[in-house]
Amino acid sequence: MKLYIDYLKLHFKSILEYKLSFVLSFIAQIFVFFGYYFIILSLFDKFSIVKGFTLYEVLLTFSVIQFGYSFNEAFARGVDQFDHLIIDGSFDRLLLRPQNILSQVIGYKIDYVKLSRVAQSIIIMIYSLYKLNIVWTPLKLLTLVFMNISSIIIFFSVFLLSASYCFITVQGLEFRNLLTDGGKHFAQYPIGIFNKYFVKIFTYIIPYALVNYYPLLYFIGKSDNIYYMFVPLLVVLYLIPSILLFNRGSKKYLSTGS
């Protein structure tokens, strides 16, 4: 943890060297993010309900998924861009240091610009909750906390899986975008609005539905099944093999030879 905090400080000092660039990039990210937001607004301009879900229920799902994705983009950018470390030989240098390799990769690049997206997702989440008039109980509050934590975990797991196959392919393939960026665009809507086959894929293979669908049903009162509240915790089972695969890959790694 101390190592990661040192990384945070170093990256923060680096952005202070180019303040104007940081500010302009931060503002640009705000406009990009609201592009996604306005797409949903445009959709609901034509339809008041989509498969039983209202605008603010979809916006809540959108904000939870965007929060987890943006959080990882900001604080685990090294994992997301792991193929760059392999290609330019930086990973070889990390292996020579007497520190945990995964901690080094996570902290290798921290993108504070993405904090704009984290902040915007929180704002939209609060606005959605206000409009939904949720009857708050300790269990409902805990469900929302689980949803946000599991959103961070699931995207970190997917980023880590994408990084793991770079030990074989060296370069990151476009296939990973199906899991990361593409998965994010699917998951920002309640998974239940899609075809039943997609629901199964995003429940059992890439479990986004455990983050944004089943707990959402309990949270907004569409289901009384209290077990849906604990479903987000199952994403930890997805994280464990992701870490094991990455560690195994790093131990078998023999350098790219460049």
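This is a predicted model: local features need pLDDT of at least 70, side-chain atom pairs count only at pLDDT 80 or more; totals for chains, interfaces and linings use all residues.
How many residues does helix α1 have, and how far does α1 reach from its first C-alpha to its last? I looked it up: α1 (residues 2-16) has 15 residues and reaches 22 Å, close to the 21 Å expected at 1.5 Å a residue. That expected span is 1.5 Å times one less than the number of residues, and helices here are DSSP runs (H or I, at least four residues), numbered from the N terminus.

Residues are numbered from 1 along each chain as its sequence is written, and side-chain values use heavy atoms, leaving out hydrogens and water.

I found Tyr-4, Tyr-7, His-11 and Ile-15. Down the axis of α1 they fall within an arc of 70° (directions from the helix axis to the C-beta atoms), so they line one face of the helix. On the face turned away, I noted Lys-2, Lys-9, Leu-10 and Lys-13 as exposed (over 50%).

Then I went for the rings. I got 25 aromatic pairs (Phe, Tyr or six-membered Trp rings with centres within 6.5 Å; planes under 30 degrees apart are stacked, over 60 edge-to-face, the rest tilted). Tyr-69 and Phe-155 have centres 5.2 Å apart and planes at 85°, so they pair edge-to-face. Tyr-69 is in α3 and Phe-155 in α9 (residues 138-164), so the pair ties together parts 86 residues apart in sequence.

Methods:
Helices (H or I, at least four residues) and strands (E, at least two) are DSSP runs, numbered from the N terminus. Buried means under 20% relative accessible area, exposed over 50%, partly exposed in between (1.4 Å probe, protein chains only).
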